[in-house]
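Subject: Structure handover

Hello,

Here is the structure I promised you. Please open it first, then read my notes below.

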Amino acid sequence: MPGQAYRDAVDRPQLLDGRLKIRHLVYLDAIASAGSVVRAAERLHVTQPVVTRALHEVEDILGVRLYDRGPRGLTPTAFGAAFLDHARAVLAQLRSASDHLADLAGADTGTVTVGTYLAGSNLLLPLAIEGLKADRPRITVIVREASPETLAAELLAGTLDLVVGRLTLGDAARLHQETLYREPIRLVARSGHPACAAGAARLADLVDYPWVVPVAETALRGELEAAFLHESLPLPADRVECMSILTTRHLLLHTDAIAALPELVTRDELGLTHLPVPLPSLGSSVGVTIPVGRQHTPAALALADCLRAVAADLRVATGHPRERTEP
């Protein structure tokens, strides 16, 4: 309808007319990350009225309310949540451009920030960093460990260059995943665990022992629950929900706890053993996740190349010498 088309043209925000500034995007990102205008102002070292005014200016430019104000603080509206995604994508591109220009001044210098969790953190990433530093010692590598969901958000926000770990179904439109190798999930316990002496061969033989399991929002937790359900078993009642491999390792070594872990995480670990209970439905593709369409710095590209080189050896070690998905 011509009338509707005219209204759409009038109501559509004009974001390239010079009113919207980079500082507006920075302030919006800070408000969302800090959870309030007051904390955002403290984080940015400016006064609260400055942040409040910036928020009002963006709302005026867009012609919509980005946050609902209530007694408990600010709650993003649907418009606010949507625009924040775009704002963070713009800021990520600007950070990437800054890093790229700085790194072009010296291909053997620069910084790469990588996120990791469990699979890949024990061998793949450390060996890749070792290879990178041997060839380019002036590159700084920053490693951050968190849940897959948190790392994906940081990757899209531009605070991470890449993520190394278990690959799960995600935002294929914005995140590209490259499989480097497959790694089976094995049940792990301390050497001399009572289940070994008892000849445990099924999950039913293990359900009464203490367990260390992944936290609820992870893919591995869902798959582990499905494995128990397939055997008509509940998830063990005596359990610790944990993402820290150091905490998990201590509990495995010093208690009768059992954990389902990627095979390479505990390979050659003194004091730990794999229990002979099959988990045929559990396996993991380990690889690299990167943002789609972002210009990568020389340092990030160099680390990615080292990851691929190390993975070639690990594919042989895990019995999948040919399994790899090209970017």
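The largest pocket has a volume of about 400 Å³. A pocket here is an open set of points on a 1 Å grid over the protein atoms alone, where a 1.4 Å probe fits, with protein on both sides within 12 Å along at least five of seven lines. The volume is the space filled by probe spheres set on the points, which are joined across faces, edges and corners.

The pocket is lined by 19 residues, and Asp 85, Ala 89, Leu 156, Ala 157 and Arg 174 are the closest to its centre. Lining residues have an atom within 4 Å of a point. α2 (22-34), α5 (78-104) and α7 (148-157) each give two or more residues to the lining. The largest share, 7 residues, comes from α5. Helices are DSSP runs (H or I, at least four residues), numbered from the N terminus.

This is a predicted model: local features need pLDDT of at least 70, side-chain atom pairs count only at pLDDT 80 or more, and totals for chains, interfaces and linings use all residues. Residues are numbered from 1 along each chain as its sequence is written, and side-chain values use heavy atoms, without hydrogens and water.

Now the helix pair. The axes of α2 and α4 (residues 48-62) come within 9 Å and cross at roughly 110°. Axes are lines fitted to C-alpha atoms, for helices over the stretch in contact, and angles run from 0 to 180 degrees between N-to-C directions. The two helices are therefore roughly perpendicular (65 to 115 degrees).

Best wishes

Notes: Angles under 35 degrees count as roughly parallel, over 145 as roughly antiparallel, 65 to 115 as roughly perpendicular and the rest as oblique.
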